[in-house]
Amino acid sequence: MESRLIRFWHLAFGIWLLVAACEQPREHTAPAIHERDSVSMMTTYGVNTLISDSGVIKYRIVTERWDVNTIKQPTRWTFERGIFLEQFDEKFHIEGYIYADTAWYYDQIKLWELRGRVRIRNVNGLIFRSEELFWDGIKHEFYSYKYSKVVTPERELEGTYFRSDEQMHHYEVTNSVGSFQSSDMEPEPEPEEPAKNKNAADTAKQEKPIRQAAVRHKATTKSAQP
C-alpha cells in the first residue's frame, strides 16, 4: 500500500513538472518606442560657447540645456530651459543681447523662434519686450505677431505687430500706442493781448500747470521710427 502511494505522488509530481515546462515564460518589459524623432541626437548641459558666422565670431550662447535633433523636420536646436545670447560686431564689441524662456533654432532655414519672456537690448539703449519673436537669419530681420513693447530713451511704442532689422536701428510697430511729451503735441501759443483787454477769466484760462503731464497717443496706422 505504501509503495503504491509513493508511486502515485511520483506520478503527480511528474505531471506537474510537465505542465510547468509547457507554459510560456512571461517577460515584463515596457513597450518599444517607435517615435524615433522624439530622441535628441545630442544633449549638452551648462553651455557657454561662442558661435561664428563665415569665420567671424558673432554670438555667445549661454544656456542650461541644449538639445540637437537631426531627425525632426526641419532639424532644430532646442533650448527648453532658457537661453541668453550676446551679439558681437566685427571688432568683438557687444552690440546687444537676447533672452528668452524657451527657444528653437531651425538650422537648415536659419530661423530662431523665441517664446516666453523675450527681451532684447541693443547698444543704443533700446529695449524690446514680448512673448514671441522670430529672427530670420536669411532676411536679417526680427518680427512678432503678438503684443510687443519698444522702449527707447526718447519714446515708448506698443503694438500687436513688430518688424525690425537685426540691429534694431529701423523698426515698425502696427496698431500701436505711443507715449510722447505733451509739449510735442501742443500748438504754438498765440500772442498775448494788451493787459487792458484782459479780464480775470481770460487770465485764468491762459495759466499753465508747472509740470506738464504726459499724454498717450493712439494710432491705427503703421508707426515707424527711422
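**Salt bridges and a buried asparagine**

Arg115 is partly exposed, with a relative accessible area of 24%. Keep in mind that this is a predicted model. Which residue does Arg115 pair with in a salt bridge? Its partner is Glu113, and the closest N and O atoms are 3.0 Å apart. Glu113 is buried, at 13% relative accessible area.

Next pair. Arg163 and Glu141 form a salt bridge, with the closest N and O atoms 2.5 Å apart. Arg163 sits in strand β12 and Glu141 in strand β9, so this pair ties together parts 22 residues apart in sequence. Arg163 is partly exposed at 23%. Glu141 is buried at 16%.

Third pair. Lys149 meets Glu156 in a salt bridge, 3.8 Å from N to O. Lys149 is partly exposed at 22%, and Glu156 is partly exposed at 28%. Back to Glu113 and Arg115: salt bridges with shared partners join them and Glu132 into one network. How many salt bridges does the whole structure hold? The search finds eight.

Now Asn69. This residue lies in strand β2, residues 56–69. Is Asn69 buried or exposed? Buried, with a relative accessible area of 5%. Its side chain reaches the backbone nitrogen of Ile71 at 2.9 Å. A polar atom of that Asn69 side chain also lies 2.9 Å from the backbone nitrogen of Lys72.

Last stop, the surface. Leu50, Ile57 and Phe92 form a nonpolar patch there, with about 230 Å² of accessible area together. Phe92 is in the loop between β4 and β5. Phe92 counts as partly exposed, at 40% relative accessibility.

Note on methods:
Residues numbered from 1 in each chain as written. Predicted model: local features only at pLDDT ≥ 70, side-chain atom pairs only at ≥ 80, totals over all residues. Heavy atoms only, no water. Helix = DSSP H or I, 4+ residues; strand = E, 2+ residues; numbered from the N terminus. Buried < 20%, exposed > 50% of the residue type's maximum accessible area, 1.4 Å probe, protein only. Polar contact = N/O pair within 3.5 Å; in protein donor to acceptor, adjacent residues only side chain to side chain. Patch = residues over 30% accessible without salt bridge, like charges linked within 9 Å, V, L, I, M, F, W, Y side chains within 5 Å. Areas by Shrake-Rupley, 256 points an atom, 1.4 Å probe, with all protein chains shown as cover. Salt bridge = Lys/Arg side-chain N within 4 Å of Asp/Glu carboxyl O.
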